[in-house]
Amino acid sequence: MLKSGMGRALFPFEYRNGIFLPELNLRLDPRRRAPLAFVSHAHADHAVRHERAVATPATLALMKARGVKQAQETAVPFGVEREFPGGRIELFPAGHVLGSAQILVTTASGRLVYTGDFKLRPGLSCEPPAIRSAEVLIMETTYGLPRYRFPPSKEVTEAIIAFCRDSLSNGAAPVLMAYSLGKAQEVLVALKNTGLPIVVHETIARVVKVYRDYGIDFPDFSTFGEAPFEGKVVITPPSSTAAKALPQVKNVRRAAITGWGLDPSARYRFKCDAVFPLSDHADYEDLFRYVGQVSPRIVYTLHGYAEEFARDLRARGMEAWSLVSNNQLELPLAF
Ligand SMILES: [Zn+2]
């Protein structure tokens, strides 16, 4: 919809098939194939085959492991500056999933930071986030409402472990539904020293292989089909095909692992026995904290409650605008 050229006063960009930066001829997270694209991380909504993709080595490896091979790759490790015609870029950790990157773009117009998906809470299975100052900030605001305040991750993972132990001691199979890239790995690492036997869906195991290549340590587990499910913690992506691969185990207790678990109706919405609000996104307070640390002159918001968060920033005296309208359409149907 935008608003082309909205950022022209300070830093020229357009919001059309991702963020287009005309000075570098570079698109940030375009949803459709582009000649030159920065891919912030390997989640499916960003993993498109481009003519040339700029990403961290881990993101490129994860995309490949999940079946997206780029025509040309420019691997840019964290903290290394790369020159492009028209400016230079630096990728730095977003703390969202392994390899997830924010980008700092420096041109004659100044400094722009684009976050991609990010969080500030430390994770167990990805790089800790970093911060760069910039005049223009384009940020994701998935959880941009005051009611989204995540409890400390340790509290949530302890509750997940208690749910698993309780289910097993009652003769039920605990089935944890967690997205196959990022969330499932976070849960697996949290289960590392519990001694609980674990079985995971193949798509999760494929991602773990790449994480291991990047030095993340996991507990032992078997994959679906390798071992019986009785007496084990089952981890599967929430997609229906994965759910169909679940055996006909009687007495199953299902738990969804998602930040949307903070919504009071989440248990009914996800048709689960429990929902645990472990998220790989920043919550409302952290979104504010982040803006304060970047200290930009202008903020543009994207995803989730973008309009609401931009309004709240303006209420605190900042110049801030949403790049999207009709935000509700962007809320994920799955998680
Ligand atoms: Zn993501």
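Q: To start, what covers the buried residues of helix 2?

A: This is a predicted model, in which local features need pLDDT of at least 70 and side-chain atom pairs count only at pLDDT 80 or more, while totals for chains, interfaces and linings use all residues. Residues are numbered from 1 along each chain as its sequence is written. The cover of the buried residues of helix 2 includes strand 12 (173-177), helix 3 (183-190), strand 15 (233-236), strand 16 (252-257) and strand 17 (274-276). Helices (H or I, at least four residues) and strands (E, at least two) are DSSP runs, numbered from the N terminus.

Q: Which residues of helix 2 are the buried ones?

A: They are Val156, Thr157, Ile160, Cys164 and Ser167. These residues lie on the same side of helix 2, because they cover an arc of only 95° around the axis, the arc being that of the directions from the helix axis to the C-beta atoms. A residue is buried if 20 or more other C-beta atoms lie within 10 Å of its own, exposed if 12 or fewer, and partly exposed in between, with C-beta atoms placed from the backbone.

Q: And what is exposed on the other side of helix 2?

A: There, Lys154, Glu158, Ala162 and Ser169 are exposed.

Q: OK, new topic: which residues have the most contacts inside the largest nonpolar core?

A: Those are Leu176, Val187 and Ile235, in a core that has 97 residues. A nonpolar core is a set of buried Ala, Val, Leu, Ile, Met, Phe, Trp, Tyr and Cys residues joined through C-beta atoms within 7 Å. Helix 4 (residues 202-213) gives the most to this core, with six residues. Domain 1 (14-147 + 281-330) and domain 2 (153-276) both give residues to the core, so it lies between them; the domain bounds come from an automatic or database domain assignment.

Q: What is Leu176 in contact with, apart from its neighbours within four places in sequence?

A: Leu176 is in contact with Ile160, Val187, Val233, Val234, Ile235, Ala255 and Ile257, where two residues are in contact if their C-beta atoms, placed from the backbone, lie within 7 Å. Ile160 is also one of the buried residues of helix 2.

Q: Where does Asn25 sit, and is it buried or partly exposed?

A: Asn25 is in the loop between strand 2 (19-21) and strand 3 (26-28), and Asn25 is partly exposed, with 13 other C-beta atoms within 10 Å. Although Asn25 is not a glycine, it has a positive phi of about 60°.
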